[in-house]
Amino acid sequence: MSPRISGLRLPWQAGEMGMTAARASEWRSGRIMKIEEEFVVQVDTLGVVGAGTMGHGVAQVAGQAGYEVRLVDSASEALAVGVGRIEKSLGKLVDKGKLTDEDRQATLARIKTSTDLADLTAAGLVVEAVVEKLEVKRQVLSELDRVCPPETILATNTSSISITRLAAATSRPGKVIGMHFMNPVPLMRLVEIIRGPATEPEAFARVEELTRQLGKTPVEVHDSPGFVSNRVLLPMINEAIFCLYEGVATAPAIDEVMKLGMNHPMGPLALADLIGLDVCLDILRVLYDGFVDSKYRPCPLLVKMVDAGYLGRKAGRGFYTYGEGDRLAYHPADGYR
Ligand SMILES: NC(=O)c1ccc[n+]([C@@H]2O[C@H](COP(=O)([O-])OP(=O)(O)OC[C@H]3O[C@@H](n4cnc5c(N)ncnc54)[C@H](O)[C@@H]3O)[C@@H](O)[C@H]2O)c1
(Lines give C-alpha, C1' and ligand atoms only; values in the text may rest on other atoms or scores of the structure.)
Protein backbone atom coordinates (compact mmCIF):
# COMPACT_ATOMS: atom_id res chain seq x y z
CA MET A 1 0.00 0.00 0.00
CA SER A 2 1.37 3.36 -0.94
CA PRO A 3 0.67 6.32 1.29
CA ARG A 4 -1.30 9.00 -0.47
CA ILE A 5 -2.23 12.49 0.45
CA SER A 6 -3.43 15.45 -1.55
CA GLY A 7 -2.61 19.12 -1.82
CA LEU A 8 1.15 19.03 -1.50
CA ARG A 9 3.84 20.60 -3.60
CA LEU A 10 4.93 18.17 -6.30
CA PRO A 11 8.44 16.80 -6.14
CA TRP A 12 10.48 16.51 -9.32
CA GLN A 13 13.07 13.90 -8.64
CA ALA A 14 14.23 11.31 -6.17
CA GLY A 15 15.36 12.86 -2.92
CA GLU A 16 13.19 15.97 -3.20
CA MET A 17 10.17 16.22 -0.92
CA GLY A 18 10.64 12.58 0.10
CA MET A 19 10.32 11.36 -3.49
CA THR A 20 11.48 7.78 -4.00
CA ALA A 21 13.35 6.76 -7.16
CA ALA A 22 10.37 4.67 -8.36
CA ARG A 23 7.94 7.51 -7.79
CA ALA A 24 10.27 10.00 -9.51
CA SER A 25 10.43 7.75 -12.55
CA GLU A 26 6.60 7.55 -12.61
CA TRP A 27 6.47 11.32 -12.33
CA ARG A 28 8.87 11.83 -15.21
CA SER A 29 6.93 9.34 -17.34
CA GLY A 30 3.89 11.57 -16.86
CA ARG A 31 1.79 9.06 -14.94
CA ILE A 32 1.34 11.36 -12.00
CA MET A 33 0.80 14.42 -14.19
CA LYS A 34 -2.91 13.60 -14.62
CA ILE A 35 -3.45 13.55 -10.91
CA GLU A 36 -1.67 16.90 -10.71
CA GLU A 37 -4.73 18.59 -12.16
CA GLU A 38 -6.53 17.97 -8.89
CA PHE A 39 -3.30 18.71 -7.04
CA VAL A 40 -3.15 15.24 -5.62
CA VAL A 41 0.21 13.66 -5.02
CA GLN A 42 1.74 10.62 -3.42
CA VAL A 43 3.63 11.60 -0.31
CA ASP A 44 6.14 9.18 1.03
CA THR A 45 7.60 11.05 3.96
CA LEU A 46 6.07 11.58 7.37
CA GLY A 47 7.82 13.52 10.11
CA VAL A 48 7.57 12.75 13.81
CA VAL A 49 8.92 15.13 16.48
CA GLY A 50 9.61 13.54 19.86
CA ALA A 51 10.92 9.97 20.10
CA GLY A 52 9.43 9.18 23.52
CA THR A 53 6.57 6.88 24.53
CA MET A 54 4.28 8.10 21.74
CA GLY A 55 6.61 9.39 19.04
CA HIS A 56 8.53 6.14 18.61
CA GLY A 57 5.21 4.28 18.30
CA VAL A 58 3.92 6.68 15.63
CA ALA A 59 7.22 6.32 13.75
CA GLN A 60 6.91 2.53 13.93
CA VAL A 61 3.35 2.30 12.56
CA ALA A 62 4.14 4.85 9.82
CA GLY A 63 7.25 2.85 8.84
CA GLN A 64 5.23 -0.37 8.81
CA ALA A 65 2.59 1.32 6.61
CA GLY A 66 5.23 2.13 3.99
CA TYR A 67 6.09 5.74 4.82
CA GLU A 68 9.59 7.12 4.83
CA VAL A 69 9.83 8.43 8.40
CA ARG A 70 11.98 11.24 9.77
CA LEU A 71 12.04 10.94 13.55
CA VAL A 72 13.39 14.07 15.27
CA ASP A 73 14.13 14.60 18.96
CA SER A 74 16.16 17.31 20.64
CA ALA A 75 17.92 14.60 22.70
CA SER A 76 20.07 12.11 20.77
CA GLU A 77 19.78 9.63 23.67
CA ALA A 78 15.98 9.73 23.28
CA LEU A 79 16.40 8.84 19.60
CA ALA A 80 18.62 5.87 20.46
CA VAL A 81 16.14 4.65 23.09
CA GLY A 82 13.18 5.21 20.73
CA VAL A 83 14.78 3.25 17.87
CA GLY A 84 15.71 0.49 20.35
CA ARG A 85 12.06 0.26 21.38
CA ILE A 86 10.95 0.08 17.75
CA GLU A 87 13.47 -2.72 17.09
CA LYS A 88 12.22 -4.62 20.12
CA SER A 89 8.56 -4.18 19.17
CA LEU A 90 9.13 -5.27 15.55
CA GLY A 91 11.17 -8.23 16.80
CA LYS A 92 8.21 -9.35 18.93
CA LEU A 93 5.90 -9.12 15.90
CA VAL A 94 8.32 -11.33 13.93
CA ASP A 95 8.47 -13.85 16.79
CA LYS A 96 4.66 -14.00 16.83
CA GLY A 97 4.55 -14.54 13.06
CA LYS A 98 2.73 -11.22 12.50
CA LEU A 99 5.57 -9.66 10.48
CA THR A 100 8.17 -11.17 8.18
CA ASP A 101 11.83 -10.55 8.88
CA GLU A 102 12.06 -8.85 5.49
CA ASP A 103 9.29 -6.38 6.47
CA ARG A 104 10.98 -5.77 9.82
CA GLN A 105 14.21 -4.81 8.06
CA ALA A 106 12.38 -2.69 5.47
CA THR A 107 10.49 -0.85 8.21
CA LEU A 108 13.68 -0.09 10.12
CA ALA A 109 15.37 1.10 6.93
CA ARG A 110 12.53 3.57 6.36
CA ILE A 111 12.99 5.25 9.76
CA LYS A 112 15.75 7.88 9.83
CA THR A 113 16.59 9.95 12.89
CA SER A 114 17.81 13.50 13.43
CA THR A 115 18.11 16.13 16.13
CA ASP A 116 17.35 18.93 13.66
CA LEU A 117 13.81 20.03 12.79
CA ALA A 118 15.15 21.37 9.50
CA ASP A 119 15.40 17.73 8.35
CA LEU A 120 11.60 17.66 8.14
CA THR A 121 11.31 19.84 5.02
CA ALA A 122 10.50 16.74 2.93
CA ALA A 123 7.55 15.71 5.09
CA GLY A 124 4.01 16.22 3.81
CA LEU A 125 2.71 15.75 7.33
CA VAL A 126 4.49 16.10 10.66
CA VAL A 127 3.19 14.61 13.90
CA GLU A 128 4.43 16.58 16.91
CA ALA A 129 4.78 14.33 19.99
CA VAL A 130 6.98 16.33 22.38
CA VAL A 131 6.27 16.83 26.08
CA GLU A 132 2.80 18.05 27.12
CA LYS A 133 3.85 21.65 27.77
CA LEU A 134 2.13 24.48 25.94
CA GLU A 135 5.22 26.62 25.50
CA VAL A 136 7.41 23.74 24.27
CA LYS A 137 4.76 22.66 21.76
CA ARG A 138 4.16 26.23 20.55
CA GLN A 139 7.88 26.69 20.05
CA VAL A 140 8.23 23.41 18.12
CA LEU A 141 5.17 24.18 15.95
CA SER A 142 6.36 27.68 15.22
CA GLU A 143 9.76 26.32 14.15
CA LEU A 144 8.06 23.63 11.99
CA ASP A 145 5.96 26.38 10.43
CA ARG A 146 9.18 28.15 9.51
CA VAL A 147 11.02 25.16 8.01
CA CYS A 148 8.20 23.18 6.33
CA PRO A 149 6.58 24.06 3.01
CA PRO A 150 3.25 25.89 3.43
CA GLU A 151 1.28 22.80 2.34
CA THR A 152 2.66 20.59 5.10
CA ILE A 153 0.03 19.59 7.64
CA LEU A 154 1.16 20.01 11.23
CA ALA A 155 -0.55 17.46 13.47
CA THR A 156 -0.14 17.44 17.23
CA ASN A 157 -0.47 14.39 19.44
CA THR A 158 -1.34 16.56 22.44
CA SER A 159 -3.48 14.79 25.03
CA SER A 160 -5.33 17.89 26.13
CA ILE A 161 -3.87 21.23 25.04
CA SER A 162 -6.13 23.44 22.92
CA ILE A 163 -5.54 22.88 19.20
CA THR A 164 -6.75 26.44 18.70
CA ARG A 165 -4.01 27.81 20.92
CA LEU A 166 -1.34 25.63 19.30
CA ALA A 167 -2.49 26.56 15.79
CA ALA A 168 -2.12 30.23 16.69
CA ALA A 169 1.65 29.69 17.05
CA THR A 170 1.82 29.11 13.27
CA SER A 171 0.99 31.06 10.13
CA ARG A 172 -1.14 28.11 8.88
CA PRO A 173 -3.88 27.45 11.46
CA GLY A 174 -5.98 25.84 8.70
CA LYS A 175 -3.38 23.07 8.45
CA VAL A 176 -2.98 22.43 12.16
CA ILE A 177 -4.94 19.52 13.58
CA GLY A 178 -4.97 17.14 16.55
CA MET A 179 -4.00 13.53 15.88
CA HIS A 180 -4.37 11.94 19.28
CA PHE A 181 -2.87 8.45 19.14
CA MET A 182 -3.35 6.11 22.07
CA ASN A 183 -0.64 4.30 24.03
CA PRO A 184 0.82 1.84 23.01
CA VAL A 185 0.48 3.16 19.46
CA PRO A 186 1.14 -0.11 17.58
CA LEU A 187 -1.66 -1.87 19.49
CA MET A 188 -4.36 0.76 19.98
CA ARG A 189 -6.82 1.27 17.14
CA LEU A 190 -8.22 4.71 18.01
CA VAL A 191 -6.93 8.07 16.82
CA GLU A 192 -9.02 11.03 18.03
CA ILE A 193 -8.87 13.60 15.22
CA ILE A 194 -9.34 17.04 16.71
CA ARG A 195 -10.66 19.84 14.59
CA GLY A 196 -9.89 23.41 15.64
CA PRO A 197 -12.14 26.28 14.52
CA ALA A 198 -9.66 27.12 11.73
CA THR A 199 -8.87 23.56 10.59
CA GLU A 200 -9.61 23.28 6.86
CA PRO A 201 -11.99 20.48 5.79
CA GLU A 202 -9.36 19.26 3.29
CA ALA A 203 -6.73 18.95 6.01
CA PHE A 204 -9.22 17.05 8.16
CA ALA A 205 -10.11 14.69 5.29
CA ARG A 206 -6.44 14.03 4.52
CA VAL A 207 -5.62 13.23 8.11
CA GLU A 208 -8.63 10.91 8.36
CA GLU A 209 -7.42 9.08 5.26
CA LEU A 210 -3.86 8.89 6.55
CA THR A 211 -5.10 7.49 9.86
CA ARG A 212 -6.84 4.66 8.01
CA GLN A 213 -3.65 4.01 6.04
CA LEU A 214 -1.85 3.55 9.35
CA GLY A 215 -4.40 0.83 10.17
CA LYS A 216 -6.19 2.98 12.78
CA THR A 217 -9.77 4.17 13.21
CA PRO A 218 -10.26 7.97 13.19
CA VAL A 219 -12.97 9.49 15.41
CA GLU A 220 -13.85 13.16 14.99
CA VAL A 221 -13.85 15.36 18.08
CA HIS A 222 -14.07 19.13 18.44
CA ASP A 223 -11.48 21.16 20.27
CA SER A 224 -12.25 21.22 24.02
CA PRO A 225 -9.99 20.63 27.05
CA GLY A 226 -9.03 16.94 27.24
CA PHE A 227 -11.11 16.23 24.12
CA VAL A 228 -13.26 13.17 24.90
CA SER A 229 -10.75 10.45 25.83
CA ASN A 230 -8.88 12.26 28.58
CA ARG A 231 -11.82 14.27 29.87
CA VAL A 232 -13.44 10.96 30.74
CA LEU A 233 -10.34 8.91 31.60
CA LEU A 234 -8.26 11.28 33.75
CA PRO A 235 -10.90 12.03 36.41
CA MET A 236 -11.21 8.25 36.90
CA ILE A 237 -7.43 7.84 37.27
CA ASN A 238 -7.29 10.85 39.62
CA GLU A 239 -10.08 9.38 41.77
CA ALA A 240 -8.17 6.08 41.97
CA ILE A 241 -5.10 8.03 43.18
CA PHE A 242 -7.28 9.77 45.81
CA CYS A 243 -8.43 6.31 47.02
CA LEU A 244 -4.78 5.31 47.47
CA TYR A 245 -3.89 8.68 49.08
CA GLU A 246 -6.75 8.44 51.60
CA GLY A 247 -5.92 4.82 52.46
CA VAL A 248 -9.21 3.45 51.13
CA ALA A 249 -7.31 0.54 49.54
CA THR A 250 -3.83 -0.46 48.29
CA ALA A 251 -2.78 0.11 44.68
CA PRO A 252 -3.18 -3.59 43.72
CA ALA A 253 -6.61 -3.69 45.42
CA ILE A 254 -7.83 -0.57 43.56
CA ASP A 255 -6.63 -1.99 40.25
CA GLU A 256 -8.17 -5.38 41.00
CA VAL A 257 -11.58 -3.81 41.71
CA MET A 258 -11.59 -2.05 38.35
CA LYS A 259 -10.28 -5.07 36.43
CA LEU A 260 -12.55 -7.71 37.90
CA GLY A 261 -15.55 -5.51 38.66
CA MET A 262 -15.64 -3.27 35.59
CA ASN A 263 -13.91 -5.58 33.13
CA HIS A 264 -11.16 -3.04 32.44
CA PRO A 265 -8.11 -4.74 30.86
CA MET A 266 -5.82 -2.98 33.33
CA GLY A 267 -6.38 -1.05 36.55
CA PRO A 268 -6.31 2.79 36.61
CA LEU A 269 -3.05 3.01 38.60
CA ALA A 270 -1.22 0.59 36.31
CA LEU A 271 -2.64 2.58 33.39
CA ALA A 272 -1.37 5.85 34.93
CA ASP A 273 2.11 4.26 35.12
CA LEU A 274 1.84 3.30 31.45
CA ILE A 275 0.74 6.81 30.40
CA GLY A 276 3.37 8.49 32.59
CA LEU A 277 2.48 10.27 35.84
CA ASP A 278 3.88 13.58 34.56
CA VAL A 279 1.65 13.31 31.50
CA CYS A 280 -1.37 12.54 33.75
CA LEU A 281 -0.61 15.57 35.92
CA ASP A 282 -0.17 17.84 32.91
CA ILE A 283 -3.54 16.73 31.49
CA LEU A 284 -5.34 17.25 34.82
CA ARG A 285 -3.89 20.75 35.02
CA VAL A 286 -5.16 21.51 31.53
CA LEU A 287 -8.66 20.26 32.52
CA TYR A 288 -8.53 22.20 35.80
CA ASP A 289 -7.47 25.44 34.09
CA GLY A 290 -9.60 24.91 30.98
CA PHE A 291 -12.89 24.43 32.82
CA VAL A 292 -11.94 26.39 35.96
CA ASP A 293 -13.62 23.58 37.87
CA SER A 294 -12.30 22.02 41.10
CA LYS A 295 -13.54 18.59 40.10
CA TYR A 296 -10.37 18.26 38.02
CA ARG A 297 -7.94 19.17 40.85
CA PRO A 298 -4.92 16.82 40.75
CA CYS A 299 -4.53 14.60 43.80
CA PRO A 300 -1.61 15.83 46.00
CA LEU A 301 -0.14 12.31 45.88
CA LEU A 302 0.17 12.53 42.09
CA VAL A 303 1.95 15.88 42.41
CA LYS A 304 4.30 14.40 45.04
CA MET A 305 5.14 11.36 42.92
CA VAL A 306 5.93 13.52 39.89
CA ASP A 307 8.11 15.78 42.07
CA ALA A 308 9.96 12.67 43.28
CA GLY A 309 10.57 11.50 39.70
CA TYR A 310 8.36 8.42 40.15
CA LEU A 311 6.93 8.87 36.67
CA GLY A 312 5.70 5.34 35.99
CA ARG A 313 7.09 2.70 33.64
CA LYS A 314 9.47 5.02 31.81
CA ALA A 315 11.19 5.87 35.12
CA GLY A 316 11.15 2.26 36.40
CA ARG A 317 8.78 3.23 39.23
CA GLY A 318 5.40 4.85 39.70
CA PHE A 319 2.50 3.21 41.53
CA TYR A 320 4.45 0.00 40.89
CA THR A 321 8.10 -0.85 40.26
CA TYR A 322 9.27 -2.12 36.87
CA GLY A 323 12.41 -4.01 35.93
CA GLU A 324 14.35 -6.71 37.76
CA GLY A 325 12.83 -8.61 40.67
CA ASP A 326 9.30 -8.76 42.05
CA ARG A 327 6.88 -5.97 41.26
CA LEU A 328 6.38 -3.79 44.34
CA ALA A 329 3.48 -1.42 44.96
CA TYR A 330 3.71 2.13 46.31
CA HIS A 331 2.18 2.71 49.77
CA PRO A 332 1.78 6.42 50.64
CA ALA A 333 2.83 5.87 54.28
CA ASP A 334 5.96 3.75 53.79
CA GLY A 335 6.99 3.64 50.12
CA TYR A 336 7.49 0.52 47.99
CA ARG A 337 6.81 -2.93 49.38
N1 LIG B 1 2.06 8.80 27.19
C2 LIG B 1 0.82 8.58 26.77
O3 LIG B 1 0.15 7.60 27.14
C4 LIG B 1 0.21 9.52 25.78
C5 LIG B 1 -0.94 9.14 25.08
C6 LIG B 1 -1.47 9.98 24.12
C7 LIG B 1 -0.87 11.22 23.87
N8 LIG B 1 0.25 11.57 24.58
C9 LIG B 1 0.85 12.87 24.27
O10 LIG B 1 1.96 12.66 23.42
C11 LIG B 1 2.96 13.65 23.67
C12 LIG B 1 4.27 12.98 24.02
O13 LIG B 1 4.07 12.24 25.20
P14 LIG B 1 5.09 11.06 25.59
O15 LIG B 1 4.41 10.27 26.65
O16 LIG B 1 5.59 10.38 24.36
O17 LIG B 1 6.28 11.93 26.25
P18 LIG B 1 7.79 11.48 26.53
O19 LIG B 1 8.23 12.30 27.67
O20 LIG B 1 7.90 9.99 26.59
O21 LIG B 1 8.56 11.95 25.18
C22 LIG B 1 8.68 13.30 24.81
C23 LIG B 1 9.91 13.44 23.92
O24 LIG B 1 9.94 14.77 23.40
C25 LIG B 1 11.29 15.18 23.34
N26 LIG B 1 11.34 16.63 23.31
C27 LIG B 1 11.09 17.51 24.32
N28 LIG B 1 11.22 18.77 23.88
C29 LIG B 1 11.55 18.69 22.56
C30 LIG B 1 11.82 19.65 21.55
N31 LIG B 1 11.76 20.96 21.82
N32 LIG B 1 12.13 19.22 20.31
C33 LIG B 1 12.19 17.89 20.03
N34 LIG B 1 11.96 16.92 20.96
C35 LIG B 1 11.63 17.33 22.19
C36 LIG B 1 11.93 14.59 24.59
O37 LIG B 1 13.34 14.48 24.47
C38 LIG B 1 11.23 13.22 24.66
O39 LIG B 1 11.98 12.22 24.00
C40 LIG B 1 2.41 14.55 24.78
O41 LIG B 1 1.78 15.65 24.19
C42 LIG B 1 1.39 13.64 25.46
O43 LIG B 1 0.40 14.37 26.11
C44 LIG B 1 0.80 10.76 25.51
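Residues are numbered from 1 along each chain as its sequence is written. Because the model is predicted, local features need pLDDT of at least 70 and side-chain atom pairs count only at pLDDT 80 or more, whereas totals for chains, interfaces and linings use all residues.

The ligand is surrounded by 27 residues, a residue being counted if its C-beta atom, placed from the backbone, lies within 6 Å of the molecule; the closest are G50, G52, A78, S159 and N183. The shell comprises 13 nonpolar, 11 polar and three charged residues, where Ala, Val, Leu, Ile, Met, Phe, Trp, Tyr, Cys and Pro count as nonpolar, Asp, Glu, Lys and Arg as charged, and the others, Gly among them, as polar. Domain 1 (5-222) and domain 2 (230-329), with bounds from an automatic or database domain assignment, both contribute to this shell, so the ligand lies between them.

An open sheet of eight strands runs in the order β5-β4-β3-β6-β7-β8-β9-β10 with mixed pairing, strands being DSSP runs (E, at least two residues; helices are H or I, at least four) that pair if DSSP finds at least two bridges between them. β5 (111-114) and β10 (217-222) stand at the edges with a single partner strand each, so one side of each has no neighbour in the sheet. Within the sheet, β6 (residues 125-128) and β7 (residues 153-156) pair in the parallel sense over four bridges, and E128 stands opposite T156 in β7.

Helices α9 (residues 229-245) and α12 (residues 277-291) pack at about 115 degrees with axes 10 Å apart, the axes being lines fitted to C-alpha atoms over the stretch in contact and angles running from 0 to 180 degrees between N-to-C directions.
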